[in-house]
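Biologist: Hi! Could you walk me through this one? I'd like to start with the charged pairs and then move on to the ligand.

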Amino acid sequence: MDLKELVQWAIKAPSGHNTQPWQFKISDQTIGILPDLRRRLPVVDPDDHALFISLGCALENLLVAANHFKLDAKVELFPSSETEECILVRFAPKEGRDEDQLFPAIATRQSNRGTYDGQPIPPVDLETLQKATKQEGVRCRMFVGSAAVEPLLQFILEGTRQQYRDKTFVRELASWIRFNQAEAKKFQDGLYALAIGSPTAPRWLGTLFMTVFTNPESMAHNFSALARGSSALALFIALKNDKSHWVQLGRSFQRFALTAASLGIASAHLNMPCEVVAVRKRLQEHLQLGDAQPLLLLRLGYGKPMPYSLRRPPEKVLLS
Ligand SMILES: Cc1cc2nc3c(=O)[nH]c(=O)nc-3n(C[C@H](O)[C@H](O)[C@H](O)COP(=O)(O)O)c2cc1C
């Protein structure tokens, strides 16, 4: 099989602000996934943990696709034998059926930022989701029902307030928003207005609205209401704070997101309490996590599909 075909599935992975911070190097029977550090987010992600989580998501898509196309895959995280920092995946043909059936969800999964209807998720599906998160070095804690969700709202409120009061955060976010179709088509990355539930606008108007008229307090209350209206929250925790654990967390989260999509469950990030370091620390203490790092917070529920976000084509991310 032409390994280029696998890359096309890997790049459908989620990434912070849809920066798509990856490059792929194909040689012989291997694919190397390399970080593209030109696509860092220095304000919201100064230590690059979200960047390496995104690489983990792309890796998981690659593995799900390989399994579907009857390829065995062996993963090495940042092997010292390689001259460049990369995740190396070695492929070989294998027999047998695709047991996990997650492949179709690679195309249907999306971050759904709409409102959810608050219907409970059946316990059997919650159990399937929890199982999907199993990955060495990572834990996922689910919060189901208002008694479990309410105590987390203070962290969502505080994280959002702090982010939207920070002009550098808002400017960085605005720089990755594709305010209209022409911008979305041109860049094929970033947050397309329609995909995040906003109206389209000329860049000058969108930027003005974000930098002058966005009120941190009302943003905080909007996100808190979205959390309250969801069926459950899921918090992804890395047992250590290093690149390998971030990649592992990305794998765990992506398998969870694919499983949710295959069960018809929508999901979206509410990462603010994980992104603002002081708030993350308070959350860590509140949940008695010790040194383990709460790095992604997701809401889950049932909602209408949203327009899909765009990806750059494989040619743009393949290294020769
Ligand atoms: C590590 C990581 C962090 C993310 N952080 C946020 C976030 O804080 N808020 C948000 O709305 N979406 C967040 N997202 C979702 C991305 O914006 C989304 O994956 C991207 O725009 C592509 O859209 P899609 O997931 O619908 O394909 C994050 C995704 C990843 C992988």
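Predicted model: local features only at pLDDT ≥ 70, side-chain atom pairs only at ≥ 80, totals over all residues.

Biologist: Is R38 buried or exposed? And what about D36, buried or exposed?

Modeller: R38 has 68% relative accessibility, so it counts as exposed, because the cut-off for that is over 50%. D36 is at 4%, so it counts as buried, the cut-off there being under 20%.

Biologist: Nice. What does E76 form a salt bridge with?

Modeller: E76 pairs with R90, and their closest N and O atoms are 3.5 Å apart. This pair links distant parts of the chain: E76 sits in strand 3 (residues 71-77) and R90 in strand 4 (residues 87-93), 14 residues apart. E76 is partly exposed at 35% relative accessible area, and R90 is partly exposed at 42%.

Biologist: Which side chain meets R203?

Modeller: That is E183, in a salt bridge of 2.5 Å from N to O. The two are 20 residues apart, with R203 in helix 8 (residues 203-213) and E183 in helix 7 (residues 181-187). R203 is partly exposed, with a relative accessible area of 31%, whereas E183 counts as buried at 11%.

Biologist: OK, ligand time! How many residues surround the ligand?

Modeller: There are 19, and the closest are R109, S111, R113, N271 and R311. The shell divides into 5 nonpolar, 10 polar and 4 charged residues. Helix 2 (residues 49-68) gives the most to this shell, with 3 residues.

Biologist: How far is an oxygen atom of the ligand from the side chain of S111?

Modeller: An N or O atom in the S111 side chain is 2.6 Å from a ligand oxygen. For R109, a side-chain N or O atom is 2.8 Å from an oxygen atom of the ligand. S15 uses its backbone instead, with an N or O atom 3.3 Å from a ligand oxygen.

Biologist: How much of the ligand does the protein bury?

Modeller: Taken alone, the ligand exposes 610 Å², and the protein buries 91% of that.

Biologist: Last one: where does the ligand lie relative to the domains?

Modeller: Domain 1 (4-109) and domain 2 (123-301) both give residues to the shell, so the ligand lies between them.

Conventions: Residues numbered from 1 in each chain as written. Heavy atoms only, no water. Near = heavy atom within 4 Å. Polar contact = N/O pair within 3.5 Å; in protein donor to acceptor, adjacent residues only side chain to side chain. Areas by Shrake-Rupley, 256 points an atom, 1.4 Å probe, with all protein chains shown as cover. Helix = DSSP H or I, 4+ residues; strand = E, 2+ residues; numbered from the N terminus. Nonpolar A, V, L, I, M, F, W, Y, C, P; charged D, E, K, R; others polar. Domains from an automatic or database assignment. Buried < 20%, exposed > 50% of the residue type's maximum accessible area, 1.4 Å probe, protein only. Salt bridge = Lys/Arg side-chain N within 4 Å of Asp/Glu carboxyl O.
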